[in-house]
Amino acid sequence: MVSAVFHSPSDASDALRADKAAGKPTSNPMTSTAAAPLSTGQASSPTATPRAPVDWAGLALKTLAPLAGIALLIAIWALLTMKSTTFPTPLATWEEAVKLFSDPFYSNGPNDQGIGWNILFSLKRVAMGFGLAALVGIPMGFLIGRSKIASAMLNPIISLLRPVSPLAWLPIGLLVFKSADPAAIWTIFICSIWPMIINTAVGVQRVPEDYLNVAKVLNLSEWTIVKKILFPSVLPYMLTGVRLSVGTAWLVIVAAEMLTGGVGIGFWVWDEWNNLNVHHILIAIFVIGIVGLLLENALVAVAKRFSFE
């Protein structure tokens, strides 16, 4: 037997008046439980998370160590050229660089243009040759990785042509295209395609077999397999090949432009050597290195941005 006690509204009001007279905190007698008052300092709001301590050692390793290495290189350079009359000192090279970059986009004819124009023309050729290599090399890597017949047919050709020196391809381009500009683009294309093919094919071959077995069970189309399974798994390998290819392309364009002439950072270096301007050659070496470093870091950022991990 369950018993219940019912209170009338008049009884509730009498109890409320009695509580007020006694100085007790009022509560609603019509509710089953009364809310307890919040005490001062109670954790009613989210507490602030403590800040992580600053890793000063790691920060110094990332910033101060590279600066110390560059300072050491400049110090060795200054010591070796202190009494030299032919090789410029770091200070003389810096003063010449300030003059050179004060007007990098001047133009006094087709063979006398500022260093800015030469860098842009070289980057344009690299972009065209590298882009064509990516359009051909990445799909070919997927084909080699997916097809045993294609792998058996193309692997010997790749092994034969990949070790060929980049400059050996330049005369073929000049013979076929009859012009220096497309010949340089052709040289970049043929030399930067191999890392993309090889790394993409290796990535496809290392996809777990379980994933492909599930795709067979689900009767997925080849395009769905490539889009949903292969591409996310192969992307890190593919981006590694792209990084290697863009480094190769930037190396090749300097050598190719030295031989073909025209406007470009490679031709500019060779022209300054003919003028015995060693200051400008050293500046060009630093510019080539900085541009190559920026290209590689940009691709590293892209790899991190589009990583599926």
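Which residue forms a salt bridge with Arg-125, with the closest N and O atoms 2.4 Å apart? Asp-181 does. The points below put that pair in context.

1. **Basis.** This is a predicted model, in which local features need pLDDT of at least 70, side-chain atom pairs count only at pLDDT 80 or more, and totals for chains, interfaces and linings use all residues. Residues are numbered from 1 along each chain as its sequence is written, and side-chain values use heavy atoms, with hydrogens and water left out.

2. **Overall make-up.** The chain holds 11 helices and 0 strands. Helices (H or I, at least four residues) and strands (E, at least two) are DSSP runs, numbered from the N terminus. Along the sequence the pattern reads α-α-α-α-α-α-α-α-α-α-α. Of the 309 residues, 30% count as buried. Buried means under 20% relative accessible area, exposed over 50%, and partly exposed in between (1.4 Å probe, protein chains only).

3. **Surface and contacts.** The accessible surface of the chain is about 20500 Å². Carbon and sulfur atoms account for 68% of that surface. Accessible areas come from the Shrake-Rupley method with a 1.4 Å probe; for residues, only the protein chains shown count as cover. Take the contacts between residues at least 6 apart in sequence: 66% join residues at least 24 apart. A contact means heavy atoms within 4.5 Å.

4. **Salt bridges at Arg-125.** A salt bridge is a side-chain nitrogen of Lys or Arg within 4 Å of a carboxyl oxygen of Asp or Glu. By this rule the count comes to 4 salt bridges. In the pair of Asp-181 and Arg-125, the closest N and O atoms are 2.4 Å apart. That pair links distant parts of the chain: Asp-181 sits in α7 (residues 180-205) and Arg-125 in α4 (residues 115-146), 56 residues apart. Asp-181 counts as partly exposed, because its relative accessibility is 34%. Arg-125 counts as buried, because its relative accessibility is 8%.

5. **A second partner.** Glu-257 also forms a salt bridge with Arg-125, and here the closest N and O atoms are 2.6 Å apart. Glu-257 lies in α9 and Arg-125 in α4, so this pair ties together parts 132 residues apart in sequence. Both Glu-257 and Arg-125 are buried.

6. Arg-146 forms a salt bridge with Glu-222, the closest N and O atoms being 3.0 Å apart. Again distant parts of the chain are linked: Arg-146 is in α4, Glu-222 is in α9, and they are 76 residues apart. Arg-146 is partly exposed, with a relative accessible area of 33%. Glu-222 is partly exposed too, at 42%. Shared partners join Arg-125, Asp-181 and Glu-257 into one network of salt bridges.

7. **Helix α9.** A kink of about 55 degrees lies at Leu-230, shortly before the proline Pro-232. The bend at a residue is the angle between axes fitted to the seven residues ending there and the seven starting there. Just after α9, Gly-261 takes a positive phi of about 80 degrees.

8. **Helix α7.** This helix has 26 residues and reaches 39 Å from its first C-alpha to its last, close to the 38 Å expected. α7 bends by about 30 degrees at Ile-193. A proline, Pro-195, follows within four residues.

9. **Backbone points to check.** Most residues other than glycine have a negative phi. Lys-178 has a positive phi, near 60 degrees, and lies in the loop between α6 (166-177) and α7. Lys-178 counts as exposed, at 66% relative accessibility. Asn-219 also has a positive phi, near 55 degrees, and is found in the loop between α8 (209-217) and α9. Asn-219 counts as exposed, at 68% relative accessibility.

Key
Expected span 1.5 Å × (residues − 1).
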